[in-house]
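This report concerns the structure shown below.

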Protein chains: 2
Amino acid sequence: MSRPYNFSAGPAALPEAVLEQAREELLDWNGAGASVLELSHRGPEFMRAAEKAEADLRTLLSVPDDYAVLFLQGGATTQQALIPLNFAAAGQPADYVLTGHWGATAIKQAQPCVDARVAADTADGGYRGLPARADWALSEGAAYVHYTANETIHGVEFDHIPEVGEVPLIGDFSSSIASGPLDVSRFGVIYAGAQKNLGPVGLTVVIIRRDLLTRTGQARAPILDYAAHERAGSMLNTPPTLNWYLAGLMFQWMLDEGGVEEFARRSAVKSQMLYAAIDGSGGFYRNTVERSARSRMNVVFSLHDENLDARFLEQARAVGLISLKGHRVLGGMRASIYNAMPVSGAQALAEFMADFQQRNG
Amino acid sequence: MSRPYNFSAGPAALPEAVLEQAREELLDWNGAGASVLELSHRGPEFMRAAEKAEADLRTLLSVPDDYAVLFLQGGATTQQALIPLNFAAAGQPADYVLTGHWGATAIKQAQPCVDARVAADTADGGYRGLPARADWALSEGAAYVHYTANETIHGVEFDHIPEVGEVPLIGDFSSSIASGPLDVSRFGVIYAGAQKNLGPVGLTVVIIRRDLLTRTGQARAPILDYAAHERAGSMLNTPPTLNWYLAGLMFQWMLDEGGVEEFARRSAVKSQMLYAAIDGSGGFYRNTVERSARSRMNVVFSLHDENLDARFLEQARAVGLISLKGHRVLGGMRASIYNAMPVSGAQALAEFMADFQQRNG
């Protein structure tokens with residue numbers, strides 16, 4: 001490992017093997033005589049790569065056949081705008097469960113187009129846990145229920161799929177997709193920006209139960225219509241071929257490494273290692289999220305004295321641990337440990353944390 | 001030149017120097033210890049690159065200060081959906097001038113949200129010329145006038161900026177931006193998918209006269225709002241950093257090569273070389289676009305006998321000339337000669353065409 005361990009929350013680290021392959025092929029891809037980013041998306045070379053990427057993602061996530069898989073642009077936030085346009089009538093209620101910053105973003109995107117309601121919210125507690133299911137106020141006639149599976153800023157993760165009955169459940173899985181087995185059939189829609197667990201920035205994966213594609217929704221341009229994207233094989237217009245290709249390399253790598261079961265195992269090991277380092281520090285490091293809601297992806301922590309923050313970051317960098325600065329909303333530190341982060345990276349960070357405490361405690 | 005000359009219409013060729021630099025930096029960018037696609041868009045490294053890219057594009061295109069420059073996702077087609085949402089009231093008329101396939105796409109995206117009207121149309125003539133300005137039927141109270149500066153499929157290009165009075169003029173410059181000097185101040189909005197003249201796929205440039213950002217438009221999510229993107233410096237959500245970085249390398253390369261004046265000169269040389277090869281072939285090759293409307297970017301032509309098409313493509317590939325197959329709408333051939341295509345590439349194609357004719361004429 002010559003490069004530092006990169007704990008960026010996203011855009012996040014990719015496996016060195018994936019980057020090496022991309023570098024190797026950057027000027028001449030598969031003998032095409034051109035880079036993957038210089039070829040028509042409708043040419044045979046790219047079409048093969050695109051189809052393989054979709055097939056591999058379906059295998060990786062065990063996506064049932066009655067679900068469409070779309071490769072789109074615009075990030076998770078754009079999907080948050082398209083979801084009400086596609087799946088709700090104007091003024092119809094839609095329920096949102098807010099467990100952190102990104103849930104709050106999701107409802108803001110929906111408000112101009114539906115009667116977006118907060119079904120449950122942990123803002124008063126500072127987004128440190130999950131709202132008890134019994135307290136959710138679900139609406140009669142709701143178009144869907146939306147929640148955020150993992151909150152990257154607050155470090156809060158659902159460890160289960162919430163039960164909402166017949167109403168389609170929509171999950172923002174941007175920061176936890178492919179980190180473990182998931183029963184896709186429990187969802188109406190799953191969406192995820194790729195730049196965390198799935199690899200490259202500039203691509204968004206949307207998985208939709210096909211019957212939802214027949215919903216009328218609201219007046220919208222064809223390019224804002226999921227059914228139109230599905231009919232066009234995600235090539236309604238020029239897709240981000242370079243990003244799609246990189247995601248394909250990443251899907252292959254994840255399958256080669258053992259699939260989501262293996263990443264569930266690694267995620268548990270990595271996150272437990274870091275939470276143990278925090279909890280065992282006697283208050284030198286702190287994480288205030290309820291234990292059952294702690295994220296396996298984003299371990300947020302603060303130092304007992306914030307005057308030490310700059311030194312912590314500087315010394316971490318010196319030993320090859322980068323991008324640990326917390327989000328500006330919370331300050332402190334954040335270690336994002338997505339699929340590309342090896343167990344050795346979490347171990348190196350835990351050891352550095354102990355060492356730093358010894359020298360500064 | 002070890003790689004073939006790539007005439008792809010988009011995603012299109014990039015200069016080898018740009019790809020070489022991207023390859024060189026792919027695993028460790030500017031000493032950051034990570035790839036550009038593994039770093040936070042809000043970190044100092046990427047922020048510097050993003051700002052430099054915008055400054056360089058402003059220099060390259062001589063963008064006046066009262067214009068915002070946005071770096072977005074979704075391609076030109078998404079902008080065609082956002083333009084009416086942002087700049088027109090519901091039901092307000094908006095005028096569209098259709099000179100080919102992409103103008104027809106633009107109006108389709110607008111129709112769900114405005115009273116989109118065809119002000120002029122050359123479909124009856126098979127999109128082979130420009131509609132005389134005197135015949136345009138502009139609407140009273142139109143929100144804007146939209147046209148397509150260059151039609152990549154039909155090979156039709158405006159050689160002038162149409163005069164439309166006080167109504168904001170909106171131009172789709174996806175396939176001709178930065179190919180010559182352009183008086184930006186004559187426009188309300190200029191937009192362009194980057195994957196042709198500007199380089200990488202997965203990024204769209206939108207240039208907006210700032211006073212238009214105060215228009216009310218129609219109810220829309222913040223992520224579909226240009227003013228919100230402008231306030232956030234095109235970082236309302238995670239931007240496609242890799243693609244933005246590649247565009248920045250391309251802007252720098254275009255400035256180093258001599259800027260848009262130089263690309264205007266090269267475009268004239270390249271396109272004249274190919275049209276001369278067609279016109280001088282005694283009907284062996286054919287282009288039916290009116291001479292004054294012929295594109296400098298996309299030279300479409302057919303062989304007098306379409307049974308020769310496959311042989312033409314195969315032999316062209318054998319001598320290092322690739323991606324010449326025409327769009328499925330028209331068939332035949334298309335040579336796209338954007339900024340990254342050197343004059344030597346057009347020359348090699350013209351020589352091959354003469355040679356092929358001699359052997360098959």
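## Contact between the chains

In this predicted model, the contact draws on 59 residues of chain A and 58 residues of chain B. Chain B and chain A bury about 4500 Å² between them, and carbon and sulfur atoms give 60% of that area.

Two salt bridges are found across the interface of chain B and chain A. A salt bridge joins the side chains of R3(B) and E38(A), with an N to O distance of 2.7 Å. Polar contacts between chain B and chain A number 15 residue pairs. On the side of chain B that touches chain A, at least two residues each come from α1 (16-25), α3 (75-87), α4 (101-110) and α6 (241-257) of chain B. The largest share of that side, five residues, is supplied by α1(B).

## The annotated residue R42(A)

An unreviewed UniProt entry lists R42(A) under "binding site". In chain A, R42(A) sits in the loop that connects α1 (16-25) with α2 (44-61). Its relative accessibility is 39%, so R42(A) counts as partly exposed. Leaving aside residues up to four places away in sequence, R42(A) touches M47(A), M235(A), L236(A) and, in chain B, R328(B).

## Helix α2(A)

At 1.5 Å a residue, the 18 residues of α2(A) should span 26 Å, which agrees with the 26 Å between its end C-alpha atoms. After α2(A) comes S62(A), with a positive phi near 50°.

The buried residues of α2(A) include F46(A), A50(A), D56(A) and R58(A). Among the elements of chain A that cover the buried residues of α2(A) are β2 (67-72), β10 (204-209), α6 (241-257) and α7 (259-279).

Notes. Residues are numbered from 1 along each chain as its sequence is written. Chains are lettered from A and ligands numbered from 1 in the order in which they are written. This is a predicted model: local features need pLDDT of at least 70, side-chain atom pairs count only at pLDDT 80 or more; totals for chains, interfaces and linings use all residues. Side-chain values use heavy atoms; hydrogens and water are left out. UniProt positions are given in the numbering used here, feature names are shortened, and annotations may be inferred rather than shown by experiment. Helices (H or I, at least four residues) and strands (E, at least two) are DSSP runs, numbered from the N terminus. Buried means under 20% relative accessible area, exposed over 50%, partly exposed in between (1.4 Å probe, protein chains only). Contact means heavy atoms within 4.5 Å. The expected span of a helix is 1.5 Å times one less than its number of residues. Buried area is the accessible area (1.4 Å probe) that two parts lose on being put together, summed over both. A salt bridge is a side-chain nitrogen of Lys or Arg within 4 Å of a carboxyl oxygen of Asp or Glu. A polar contact is a pair of N or O atoms within 3.5 Å; within protein, one must be able to donate a hydrogen and the other to accept it, and residues adjacent in sequence count only if both atoms are side-chain atoms.
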